[in-house]
Structure formats: C-alpha cells, structure tokens
Amino acid sequence: MDKDLKRMKANFDELCDEDKILVFFKRLLNEWNQELNEMGEAEKRTAKGKSMVATFKQCARYLNPLFKFSRKKVLPDDIRQALLVVVECCMKRDYLAAMDQYIKLAIGNAP
C-alpha cells in the first residue's frame, strides 16, 4: 500500500519538517483524488472532467520528486523552509500569504 501511511497517521505537530511537507501535500492530493472519484463516470467523460483528471494526474506526477526528496530528507534548506511556510500559511487558511511564498520560491524575489 502507501509507503507514507505511517507518516500520514502520525501527529502532524510531531513530524520533522520534511515529513510535514510530505504529509500536507499527500493529504491534499488524496482529498483531490477522492473528489474526482466521487464524480460520475458521465461527468468524467466531458471535456471539463477529462481536463480535471488530467490536471490531477499531472500534479501527482510532478510532486513525486518532492516526495522522494522529503522521504530521503535531502530537500535543500531554502526550499524546505519556504515550503514549510507555504504549509503553515495554508493550515492557517492564509492562502494569499501561501501563494506569495510559493511565487517567491518558484521565481525568486530578485530586484
């Protein structure tokens, strides 16, 4: 089954930084997947449904390297710290701050 099940069931506050990042994004993916699974087959066959499923699969695929680095505890410090801020902002439901932090992480904040 899921190799991260033990981490997923652990108390979030007791996890190390890398595991917090891993668990947070894994839970988001699982919730998203559950929403897609609850869609009717007819809805999944529409252009919008196909696009939603394709987007989910692409995101899941693109997050795999992050999960791999997190499991091995080899995330670069700057990325780890920035992602931790994103996770903390999302958990406080401060999505604008999370997005700002993500953009700084993704494209930098050069003058």
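User: Which helices each supply at least two residues to the lining of the largest pocket?

Analyst: To read a lining, sort its residues by the element they come from. In this predicted model, at least two lining residues come from each of helix 2 (17–38), helix 4 (47–72), helix 5 (77–91) and helix 6 (95–107). Helix 2 gives the largest share, four residues.

User: Which residues line the largest pocket, and how much space lies in it?

Analyst: The lining consists of Phe-25, Leu-28, Leu-29, Trp-32, Cys-59, Leu-63, Leu-66, Leu-83, Val-86, Tyr-102 and Leu-105. The space in the largest pocket is about 330 Å³.

User: How many residues of that lining are nonpolar, polar or charged?

Analyst: Sorted by class, the lining has 11 nonpolar residues, with no polar and no charged ones.

User: Next, the helix pairs. At what angle do helix 5 and helix 6 pack?

Analyst: Angles between helices take the N-to-C directions into account, and over 145 degrees counts as roughly antiparallel. Helix 5 packs against helix 6 at about 165°, and their axes are 7 Å apart. Helix 5 is therefore roughly antiparallel to helix 6. The crossing of this pair is left-handed.

User: Which residues make that contact?

Analyst: From helix 5 come Ile-79, Ala-82, Leu-83, Val-85, Val-86, Cys-89 and Cys-90, and from helix 6 come Tyr-95, Ala-97, Ala-98, Gln-101, Tyr-102 and Leu-105. The class count for this contact is 12 nonpolar, one polar and no charged residues. Leu-83, Val-86, Tyr-102 and Leu-105 belong to this contact and also line the largest pocket.

User: Which residues of helix 2 and helix 4 meet, and what are their classes?

Analyst: On the helix 2 side are Glu-18, Asp-19, Ile-21, Leu-22, Phe-25, Lys-26, Leu-29, Trp-32, Asn-33 and Leu-36. They meet Met-52, Val-53, Thr-55, Phe-56, Cys-59, Ala-60, Leu-63, Leu-66, Phe-67, Ser-70 and Arg-71 of helix 4. By class, this contact has 14 nonpolar, three polar and four charged residues. Among the residues in this contact, Phe-25, Leu-29, Trp-32, Cys-59, Leu-63 and Leu-66 are also in the pocket lining.

User: What does the secondary structure of the whole chain come to?

Analyst: The chain has six helices and zero strands, in the order α-α-α-α-α-α from the N terminus. Along the principal axes, its C-alpha atoms fill a box of roughly 45 × 40 × 25 Å.

Conventions: Residues are numbered from 1 along each chain as its sequence is written. This is a predicted model: local features need pLDDT of at least 70, side-chain atom pairs count only at pLDDT 80 or more; totals for chains, interfaces and linings use all residues. Side-chain values use heavy atoms; hydrogens and water are left out. On a 1 Å grid over the protein atoms alone, a cavity is a set of points where a 1.4 Å probe fits but cannot get out, and a pocket is an open set with protein on both sides within 12 Å along at least five of seven lines; lining residues have an atom within 4 Å of a point. Grid points are joined across faces, edges and corners, and a volume is the space filled by probe spheres set on the points. Ala, Val, Leu, Ile, Met, Phe, Trp, Tyr, Cys and Pro count as nonpolar, Asp, Glu, Lys and Arg as charged, and the others, Gly among them, as polar. Axes are lines fitted to C-alpha atoms, for helices over the stretch in contact, and angles run from 0 to 180 degrees between N-to-C directions. Angles under 35 degrees count as roughly parallel, over 145 as roughly antiparallel, 65 to 115 as roughly perpendicular and the rest as oblique. A crossing is left-handed if the near helix is turned anticlockwise from the far one by less than a right angle, and right-handed if clockwise. Contact means heavy atoms within 4.5 Å.
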